[in-house]
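Dear colleague,

Here is the structure I promised to pass on to you. Please open it first and keep it beside you while you read the notes that follow.

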Amino acid sequence: MSYEFITVHTEADKVGVITLNRPKQLNALNAGLMIELGQALKDFDANEAIGCMVITGSEKAFAAGADIGAMATYSFADVYKNDYITRDWETIRSIRKPVIAAVSGFALGGGCELAMMCDFIIAADNAKLGQPEIKLGVIPGAGGTQRLPRAVGKSKAMDLALTGRMMDAVEAERSGLVSRVVPLDKLMEETLGAALMICGYSQIASMAAKESVNRAFESGLADGVMFERRLFHALFATADQKEGMDAFVNKRPAAFKNHQANQHDAINAHELWTFTLSLGCGLSESESTPWNS
Ligand code: CAA
């Protein structure tokens, strides 16, 4: 598929790389870009060969926010009726395989929010992150006031949202927003290294790990730990658990296959999942399970 606002390629046939590509506008996020990004993510997620995705931008900007020029004339009726943000920006929340943000340059407003919607952020040493919407007479609209305090705590999130200042990569790492800072010229090498490492593990286990860590933000501790426990138990129904543990015991590299072990185990895993649902963790029956992917 060809795109106008992004470019897409794979690395080692395993990592799906999406590059935001509106360089003249510092990758300002317009509807067309967000629709394309959602489509590319969904395609990679559905591709058996892909184990991890990376979203990146240019050296100067991951993304300098939502497209201000496009937004400037919107009325309340426009944004409310068309469900602005919700409609085109949230596909990434339904992606089940890991997504890494490789951030260099500006990640501001919606750009910072997009990075925070990824599973983790690796930043180049020239990265500048922040939520400057206050300077435009609005507030963050793609989750910034919710995800930022969860990442950096209330005080720093308030500081950033109320002053609109940017933080550099060192401050972002110190405060927990980004997982690692690397020299700009090593950003993709380091990010692809992490992505390929993830691809080497069981896809089912990495999807379950992602789902379980995300649950930490949606539930109380006891429910969250029980959710994790049931997913952990369910993974014993997979061939990858047998392979991973046998490989360790026999001192050989593991070769994961990404499928379930046998019918009997799948039934047991399904019973566990039904029990997890009964715990009222806010899940629906239709939510997919780690062993039927
Ligand atoms: N939307 C649209 N265009 C943008 C943009 C944005 N968010 N950010 C930058 N651009 C455009 C500029 O208008 C400029 O275009 P022209 O060359 O046609 O004039 C081009 O990108 C280059 O930008 P600058 O000349 O400003 O570059 P700079 O290096 O001097 O400054 C910057 C860089 C500090 C990032 C500055 O561009 C800036 O402050 N951008 C806006 C950042 C911002 O406010 N983001 C939040 C947007 S609101 C939002 O995201 C809402 C939400 O939560 C969903």
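A polar contact is a pair of N or O atoms within 3.5 Å; within protein, one must be able to donate a hydrogen and the other to accept it, and residues adjacent in sequence count only if both atoms are side-chain atoms. This is a predicted model, in which local features need pLDDT of at least 70 and side-chain atom pairs count only at pLDDT 80 or more, while totals for chains, interfaces and linings use all residues. Residues are numbered from 1 along each chain as its sequence is written, and side-chain values use heavy atoms, with hydrogens and water left out.

As for the ligand, a polar side-chain atom of E133 lies 2.7 Å from one of its oxygen atoms, a polar backbone atom of G110 is 2.8 Å from a ligand oxygen, and for a polar backbone atom of G141 the distance to a ligand oxygen is 2.9 Å. On its own the ligand has 980 Å² of accessible area (Shrake-Rupley method, 1.4 Å probe), of which the protein covers 61%.

Around the ligand there are 24 residues (each with a heavy atom within 4 Å of it), and A66 and E113 are among the closest. At least two residues of this shell come from each of α2, β6 (106-108) and α5 (110-117), where helices (H or I, at least four residues) and strands (E, at least two) are DSSP runs, numbered from the N terminus.

Helix α2 (residues 68-71) also holds I68.

With kind regards
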